[in-house]
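Try each task before you read its solution.

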Amino acid sequence: MQLRTVSELLSQNISIPEVEVKGWVRTFRANRFIALNDGSTINNIQCVVDFENTDEALLKRITTGAAMHIKGELVESQGKGQKVEINVSSIEILGDSDPETFPIQPKKHSFEFLRENAHLRTRTNTFSAVMRLRSALSFAIHKYFNENGFYYMHAPIITGSDAEGAGEMFRVTNLDDKNPPLNDEGRVDYKEDFFGKETNLTVSGQLEAETYAMSLGKVYTFGPTFRAENSNTSRHLSEFWMIEPEVAFMDLAGNMDLAEDFMKSVLSYVLENNHEDLEFLDKRLQDEDKTKPQAERNDMSLIEKLKFVTENNFKRVSYTEAIDILRSCKPNKKKKFKYIINEWGADLQSEHERFLVEKHFKCPVILFDYPANIKAFYMRLNEDGKTVRAMDILFPGIGEMVGGSQREERLDVLKEKMKALDIDEKELWWYLDLRKYGTAVHSGFGLGFERLVMFATGMSNIRDVIPFPRTPQNAEF
Ligand code: 4AD
Ligand code: MG
């Protein structure tokens with residue numbers, strides 16, 4: 001007999017006299033019906049136990065959460081709700097589960113409770129569906145780049161540079177915390193640290209990816225990044241995964257085309273390949289919506305939203321146009337925004353981004369040509385001398401999904417910018433070298449993977465789309 005997955009069994013149209021499956025009990029009803037799940041699909045297989053001929057002690061051990069090895073005959077189901085089921089001929093308990101203490105009971109649990117039990121939450125339908133989609137999206141991302149001539153580059157996780165210049169880094173050290181070596185100024189002497197200098201966990205692989213773009217042409221990174229920003233929101237993690245393509249000889253317009261095509265492609269992949277999980281999450285959202293007041297309900301279902309994005313063009317709007325729209329919009333005039341937009345140059349807060357995307361344009365928006373002084377040092381200065389070739393992609397319900405730019409490729413302009421921002425040339429000598437030896441126009445962007453997973457699954461808290469979230473004051477598991 002060959003061991004099969006629940007997914008394989010459920011796709012059978014014929015009876016099979018002997019099948020074998022292993023999984024965990026979701027429910028056991030009327031001493032007779034086991035709903036068994038093995039993670040291969042959102043659906044359970046119903047296993048029908050001949051309770052009259054089964055040992056009572058064994059029946060007692062069939063509890064929610066227990067692991068079993070079941071053998072039997074796959075037959076057309078007598079009941080509603082499933083096409084096939086297993087008439088059980090033998091049950092072996094692989095691992096008992098104490099029904100008194102097992103946290104995942106067959107009932108609705110709050111997401112907060114499940115976060116505290118993140119090691120077991122993928123035993124629920126919602127979290128197993130979310131994590132299968134997360135896996136499928138990662139695959140779709142690699143597939144897209146592979147099919148489009150990109151090389152996968154592994155950027156270092158420990159770095160000596162702050163790519164974004166925001167100073168939100170986690171220090172990496174193995175100095176003795178009780179007795180660290182001190183320098184002449186009485187401060188910790190990192191020259192004596194493991195790497196002979198101050199090092200941190202990376203906030204972005206971009207600067208290193210640029211070096212590879214300037215030799216291999218088209219590259220991307222996809223790895224963990226770390227930010228010590230103390231923002232306890234439903235859209236920020238301290239450890240998150242970022243996808244960063246970087247392409248030589250590509251300008252900002254090309255960057256926008258790439259980002260749009262890429263996002264449409266990966267979302268289309270899951271629409272085509274993960275239908276059951278999406279339908280489940282779609283229904284979950286619709287049920288949740290029913291408990292909300294009319295004004296807060298979604299005007300599109302999850303699948304409709306995904307299709308809308310894959311089938312419509314993103315709206316491209318300059319920062320200057322966006323400021324004009326915001327300045328004269330109702331919530332600004334009626335002082336409904338927390339931060340009122342008065343003049344050109346203001347940094348956009350998430351309330352403004354969400355107004356533009358959700359109320360004004362009602363579709364994904366690419367904002368570009370931002371004021372230089374609210375963006376990172378490496379962005380290409382425009383001819384006007386005050387804006388840079390930056391782009392942010394904003395999504396309904398999420399806000400900023402992508403941040404990218406055309407990079408400053410002119411050595412003198414870059415040096416001047418670094419000087420103005422007090423960035424040490426010596427730290428980034430290798431980055432400057434790229435502008436000395438065969439410099440060229442190049443561009444790239446960073447996509448926050450968890451924000452993409454949020455959009456694709458309809459989950460509203462970023463902590464619920466990564467296996468073990470790291471946030472301020474929380475690094476359990
Ligand atoms: O806009 P950011 O800071 O851009 C960069 O890091 C560039 N170096 C990217 C590049 O051009 N190669 O971050 C990129 C994206 C954001 O748009 C957002 O989706 C996500 O990363 N992000 C976060 N996601 C979760 N938690 C956080 N704390 C995040 N910070 C940024
Ligand atoms: Mg950004």
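Helices (H or I, at least four residues) and strands (E, at least two) are DSSP runs, numbered from the N terminus. Axes are lines fitted to C-alpha atoms, for helices over the stretch in contact, and angles run from 0 to 180 degrees between N-to-C directions. This is a predicted model, where local features need pLDDT of at least 70, side-chain atom pairs count only at pLDDT 80 or more, and totals for chains, interfaces and linings use all residues. Residues are numbered from 1 along each chain as its sequence is written, and side-chain values use heavy atoms, with hydrogens and water left out.

**Exercise 1.** Find how H7 and H8 pack.

Step 1. Locate H7 at residues 275-290 and H8 at residues 302-311.
Step 2. Read the geometry: the angle is about 120°, and the axes lie 8 Å apart.
Step 3. Classify it. Under 35 degrees is roughly parallel, over 145 roughly antiparallel, 65 to 115 roughly perpendicular, and the rest oblique. H7 and H8 are therefore oblique to each other.
Step 4. List the contacts (heavy atoms within 4.5 Å). His-275, Leu-278, Glu-279, Leu-281, Asp-282 and Leu-285 of H7 meet Leu-302, Ile-303 and Leu-306 of H8.

**Exercise 2.** Which residues of H5 are buried?

Step 1. Apply the cut-off: buried means under 20% relative accessible area (1.4 Å probe, protein chains only).
Step 2. In H5 (residues 206-216), Gln-206, Leu-207, Glu-208, Ala-209, Glu-210 and Ala-213 are buried.
Step 3. Look for the cover. It includes strands E7, E10, E11 and E16, and helix H13.
Step 4. Check what follows H5: Gly-217, with a positive phi near 90°.

Key. Chains are lettered from A and ligands numbered from 1 in the order in which they are written. Buried means under 20% relative accessible area, exposed over 50%, partly exposed in between (1.4 Å probe, protein chains only).
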